[in-house]
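Have a look at the model first, then read on.

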Amino acid sequence: MAELASGLIDVFADAPLSGNPLAVVEGADALPDDTLRRIAGEFNQAETTFLLKSTRADWKLRSFTANGSEIFGAGHNALGAWLWLAEHGALGSLDAPKTFQQEIGTDVLPITLEARAGRIHGRMKQSPLKLSSSLDDVGPLAEALAVPVADVLTHPAPRVASTGAGHLLVRVRDALTVDRARPMSDKLLSVLAAAGAEGCYVYAFDPAAPRTAYARFFNPTVGLWEDAATGTAAGPLCAYLGSEDLLAEDKTLVVEQGVHMGRRSLLHVRLTPEPELSGSGVVVLRGLLTVT
C-alpha cells in the first residue's frame, strides 16, 4: 500500500467553502492511469490534479474529472495545484515573485507565484488563442440552453475558442438570462459535438462596462454538469473579446462565475498578449490517501 499526500483547495477564493474546490494528489508517479481515474472518482470533485515529476518542467500536472475524463489547459486545475504546493512550503520563499514551469499535456507554460499580505497569489499564462468558425445557426444552441433565440447575441458570434481547451463561448442578453439557462444534456451534447467543443461558457458582457463579465459553465462531455470557476474558459473569453476590440485599454477582464451554485468566484484575466489568469486559494483539507 502507498500513502499519498492529498487534500482539497478552494481556488479563486478568499475564504473557505467558496470558489472552486480542487482535489490535489502528490506522489502518484508510479500509479497506472486506471488508478488515477479511480482516485478522481473517489474525490468526486469537478477536477483532481496529480502533481508528477517532469523532465521538461518543474512539475507535470495531469487532471481528471470525477468520471475519469482527462482534461487539459491551465485553469483552476493548474493554479490550485501550485497554490497547494506554495501553501505547504514546497516552493521555497515567495517574498519576491518566482516563476516556475508546468507541463500540461503537450504544453510547457509559466506560472509566477508570490506572497501578498500573508496570502499566496499566482498568475499563469495560457496558450495563444485559437478560434473556430462562428456558429451561424443559433436555433439549436438556444433550444439546448432553454433560452429564447433572441436572447442569444451574435456579436461577438458564438464560437469555439481555445487557449488549451476548446469551449463554445455564448454571449446572451444579460446576467438574468445566464442564470435562467437550463441546459438539456442530450441537446447540448449534440451542439458541442457538432461545434467540436468540450464545454459551453454562457456569459453576459456589456461593452459599456468592458472590465467585467458574468458566466456559467456546462461541460457534459466530461461528466461535469456545472463548474464554479473555469479558467480554461475565462482565458479564451478574455482573448476573444480582445480580438474583437471590446476590452478596455488595459486589456483586463474579471469574470464572475459560480454565483448560481452558491460558490461565487472571481477570475482575473489580462492579455499579455496571451491570456494570463490569476488568483488565490485556501487549503481546506490535507491528509493521506491510501491506495494499493
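On the side of H5 facing away from its buried face, you'll find the exposed residues Asp186, Ala193 and Ala194 (exposed is over 50% relative accessible area, buried under 20%, partly exposed in between, with a 1.4 Å probe and protein chains only). Keep in mind that this is a predicted model, where local features need pLDDT of at least 70, side-chain atom pairs count only at pLDDT 80 or more, and totals for chains, interfaces and linings use all residues. Residues are numbered from 1 along each chain as its sequence is written, and side-chain values use heavy atoms, leaving out hydrogens and water.

**Helix H5**
- H5 spans residues 185–195, and its buried residues are Leu188, Val191 and Leu192 (helices are DSSP runs of H or I, at least four residues; strands are E, at least two; both are numbered from the N terminus).
- Those buried residues fall within an arc of 95 degrees seen down the axis of H5, so they line one face of the helix (the arc is that of the directions from the helix axis to the C-beta atoms).
- They pack against helix H3 and strands S11, S12 and S13 (contact means heavy atoms within 4.5 Å).

**Helix H6**
- H6 covers residues 231–243, and twelve of its 13 residues are buried.
- Among the buried ones are Pro236, Leu237, Tyr240 and Leu241.
- Asp245 follows H6 and has a positive phi, near 60 degrees.

Terms used. Expected span 1.5 Å × (residues − 1).
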